[in-house]
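Here's a quick briefing to read with the model open in your viewer. Have the sequence to hand as well, and let's walk through it topic by topic.

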Amino acid sequence: MTRLLTLLLLFFSITISAQLQSPSEFLGYEIGTQFSRHADVVRYFEHVAANSNMVTYQTYGKTNERRPLTYAVVSSMQNLANIETIRTDNLKNIGMLSGNASPTTTIVWLSYNVHGNEASSTEAAMQTLYTLITEKKDWLQNTVVIIDPCVNPDGRDRYANWYNQVKATPYNTAQDATEHNEPWPGGRPNHYLFDLNRDWAWATQVESRQRLKIYNQWMPHVHVDFHEQGINEPYYFAPAAEPYHEVISPWQRDFQTQIGKNHARYFDKEGWLFFTRERFDLLYPSYGDTYPTFMGAIGMTYEQAGHGMAGLGIETDEGYVLTLVDRVAHHTTTGLSTVEIASQNAAKLNTEFKKFFNNSDLLYKSYVLKGNPDKIKSLTDLLDKHEIQYGFASGGTVSGFNYSKNEKGNMDANGALVVSTNQPKGKMVKVLFEPDAKLSDPLTYDITAWSIPHAYGLETIASTTLVSSTGNAPTASALNSPAPGSAGYIAKWNSLQDAGFLAELLQEGIRVRFTEKDVSFAGNKFDKGSLIITRSDNRMHQDFDTKVTQIANAHQRALFASPTSFGDTNTDFGSPDVKLVNKQRIAVLKGNGTSSLSYGTLWHFFEQQLKYPITSIDTEDFPRIDLRKYDVIILPEGWYGRVFNESVMDDLKDWIRDGGKLIAMGRAVSTFEGKDGFDLKNNASEEEKEETEKGNLIPYDQRERESVKDFITGSIYRVTVDGSHPLAYGYGDTYFSLKQGNESYQFLESGYNVGYIKGDAVSVSGFSGADAKAGLKNSLVFGEARMGRGSIIYLVDDVLFRSFWENGKLFLVNAVFFVNNNAFTL
């Protein structure tokens, strides 16, 4: 009977295999000779799963444009029959599930096409899948391979569909050809134009959030993120460049080298060029290589020459033609080589993976955070996405490193959020919360500071002693009830959740005021910026009380129903200092000249977070629009020299003088430097002036290293804030700002310097070159310049950068709704 069953299973397996098609057979063209649409990739993976007992395939979510997010699990038939035990044993091994286990099967996760126009990797994913189950079955005896064929389907289809529309037949290899020059914004980002490869830790995007759920279910030992770089580079693979973050273990370093040498063996055999240990470091925690690394995996980036410029084939500067066929072959080779060496070291990977989760040697045992409950809730929401454990302290004083003072201090811990490192993901906690990441080399690929306490604006102590806590959060306030006898309702203003409440009130036709003075009614005190919703302003709403309280309850906002409009101080509801909030008509520029990433964060912020409508206007159309249709115009980071010619600048000035409000973010601020009427001047340091005068005599081979003195690579600076100005309502007198560059401007002469660095600049985290830091002395960070009845608002530091610096977002909302409300709606 047993022999008969074995024969039947063998017959069944042979029958299934006979029906299995290669990617080229299934799609009808040789892989690498066309770009496959996402739907066709999904169909191929479904075909393989239906015709192989070594593959399962499932959907883990959808994109904003409703494309499926999918992954395949590939292993031996025996492993797949036991896959749930393999998965849970891995989690038991590192303490994420209770119980004991000593697994010997390794888990390799291959992620393809996180950047949509780096499109060769999805083609390679199909070929890798087919090769694994037809030619490399032996590797799968002790290895589970997870394949995500396309992390960014919206971006990939944006690129592939464009390319398929414009390419010549046969394809044109000239770099000047249309098919090698993508239009703005390109296929790299997702629907909201976010770079998903920088969103792993912050999880602002739907793709990231859905992927993290699956990642946490598996916790792979090896993770590869497949990319492409410029057409004139060969191929990059591990080991990574310095700096390595200090939590990375010696084993993780060593195994990167082992993997690199295995790849080199195949590349040398084929005569393919490659490079290692340059450019791509392992520091910033939100990449597809670093995030898995800080979760214990061997996290790696592989970079193939090509990118969106390469198309099906392009002539490089060195005179050879780089084809998509070549690119697919290279990515397929490194993917298979990764699985091979992981299989050869399966037991060791499990052993070292377990060791990584021993966190006893970490200096700080607990991070204790206090502040606005809304900000605490936003942070715990982020921790939940990563399945990081936390609790709340019941009392006592905690001592340690004080983030606000940048020195030792103490804090009353009663009710404080406590995030400790005595948990499986303790090293990730350290990375996200540490005051200042150690740098072995200042030349990094990304920002060098991201400390969550500063990003969320929370008072924080890092303690070398474990702080006890419970899992119980402070009790939320009770719901509001209508108060028909009141003169109106008052609500605080100090968080993005308050801004969401205001946004919905305005869209529902509720008239809202805000106070420019600290006020008190019936013994209840409210700070500047507090919202005052008067019955007098809303007499047209018969259901005024019900509607206001319903909206407040939906946003979990506490309302004070004031029995009178007569203030305890000199400020009443009808005071000139209690101003009406306009239902602003907002335009945001996009297109050539703007940063697609900066525009994308604005688009996402208003549409998904604030939920307030904007009108996006292409820069090419901007000279023709009637500016009077808009109250506020926002310029994302960008270079506007070609957009704002003399005629457009004159029209813009006239619009501002008539009451318009212009908000310039990040590099967009430089557009107005030195321009008449904008009160903005560059703040060059004496060192920069001297360097310009004497010329650059630095030797060629020292130029890059010497240039770091002019860099600020994402550092956190202490900023003084004028809390009396409407731009700063909801903030204290100090703000910690993320600076991405060395741009520096003088204090406004006639305008309002709302956020500024007075005297020498003080950085609390991240790398800053000596000259760049010196150049920030006495510099503007946030300010308002008046022009006629209108205003120009300068946000020199982009408060929406990657949408993770939560504490900066209220500056933008204040700029839109509060600043210069003497101006009437146009």
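What follows is a short tour of some helices, strands and ring pairs.

This is a predicted model, in which local features need pLDDT of at least 70 and side-chain atom pairs count only at pLDDT 80 or more, while totals for chains, interfaces and linings use all residues. Residues are numbered from 1 along each chain as its sequence is written, and side-chain values use heavy atoms, with hydrogens and water left out. Helices (H or I, at least four residues) and strands (E, at least two) are DSSP runs, numbered from the N terminus.

**Helix 19**

- Helix 19 covers residues 596-610, and at 1.5 Å a residue its 15 residues should span 21 Å; the expected span is 1.5 Å times one less than the number of residues. The end C-alpha atoms sit 20 Å apart, which agrees.
- A kink of about 25 degrees is centred on H604, where the bend is the angle between axes fitted to the seven residues ending there and the seven starting there.
- Helix 19 is largely enclosed by the rest of the structure, because 11 of its 15 residues are buried. Buried means under 20% relative accessible area, with exposed over 50% and partly exposed in between (1.4 Å probe, protein chains only).
- The buried residues of helix 19 include W603, H604, F605 and F606.
- Those buried residues pack against helix 17, strand 25 (586-590), strand 26 (615-618), strand 27 (632-635), strand 28 (661-665) and helix 24 (809-817). Contact here means heavy atoms within 4.5 Å.
- Just past the end of helix 19, K611 has a positive phi of about 60 degrees.

**Strand 27 and its partners**

- Strand 27 is covered on both faces: V632 and I634 are buried on one side, I633 and L635 on the other.
- Strand 27 pairs in the parallel sense with strand 25 over three bridges; two strands pair if DSSP finds at least two bridges between them. A587 stands opposite I633.
- Strand 28 also runs parallel to strand 27, joined by four bridges, and L635 has A664 as its bridge partner there.

**Aromatic pairs**

- The structure holds 56 aromatic pairs. Rings of Phe, Tyr and Trp (its six-membered ring) pair if their centres lie within 6.5 Å; planes under 30 degrees apart count as stacked, over 60 as edge-to-face and the rest as tilted.
- The structure's 56 aromatic pairs include the edge-to-face pair Y612 and F817, at 5.2 Å centre to centre with 90 degrees between the planes.
- That pair links distant parts of the chain, 205 residues apart: Y612 is in the loop between helix 19 and strand 26, and F817 is in helix 24. Both Y612 and F817 are buried.
- Elsewhere, ring pairs link Y235, F237, F267, W272 and F274 into a cluster.

**Helix 14**

- Helix 14 takes in residues 373-385; its 13 residues should span 18 Å at 1.5 Å a residue, and the 19 Å between its end C-alpha atoms agrees.
- Among the buried residues of helix 14 are D374, K375, I376 and L379. Their cover includes strand 12 (366-370), strand 16 (417-420) and helix 17 (496-507).
- Helix 14 is followed by E387, which has a positive phi near 55 degrees.

**T128 in helix 6**

- T128 lies in helix 6 (residues 120-134) and counts as buried because its relative accessibility is 0%.
- A polar atom of the T128 side chain lies 2.7 Å from the backbone oxygen of A124.
- Leaving out residues up to four places away in sequence, T128 touches L110, Y112, T332 and L336.

- Seven strands form an open sheet with mixed pairing, in the order 1-2-4-3-5-9-6. Its edge strands are strand 1 (55-62) and strand 6 (235-236), each pairing on one side only.
- Strand 3 (residues 106-111) and strand 5 (residues 222-229) run parallel, joined by four bridges; V108 has V222 as its partner.
- In strand 22 (residues 531-534), L531 and I533 point one way, I532 and T534 the other, and all are buried.
- Strand 22 runs antiparallel to strand 18 (residues 488-491), with four bridges, and Y489 is partnered by I533.
- Strand 19 (residues 513-515) is also antiparallel to strand 22, with two bridges; F514 is partnered by L531.

Conventions:
Polar contact = N/O pair within 3.5 Å; in protein donor to acceptor, adjacent residues only side chain to side chain.
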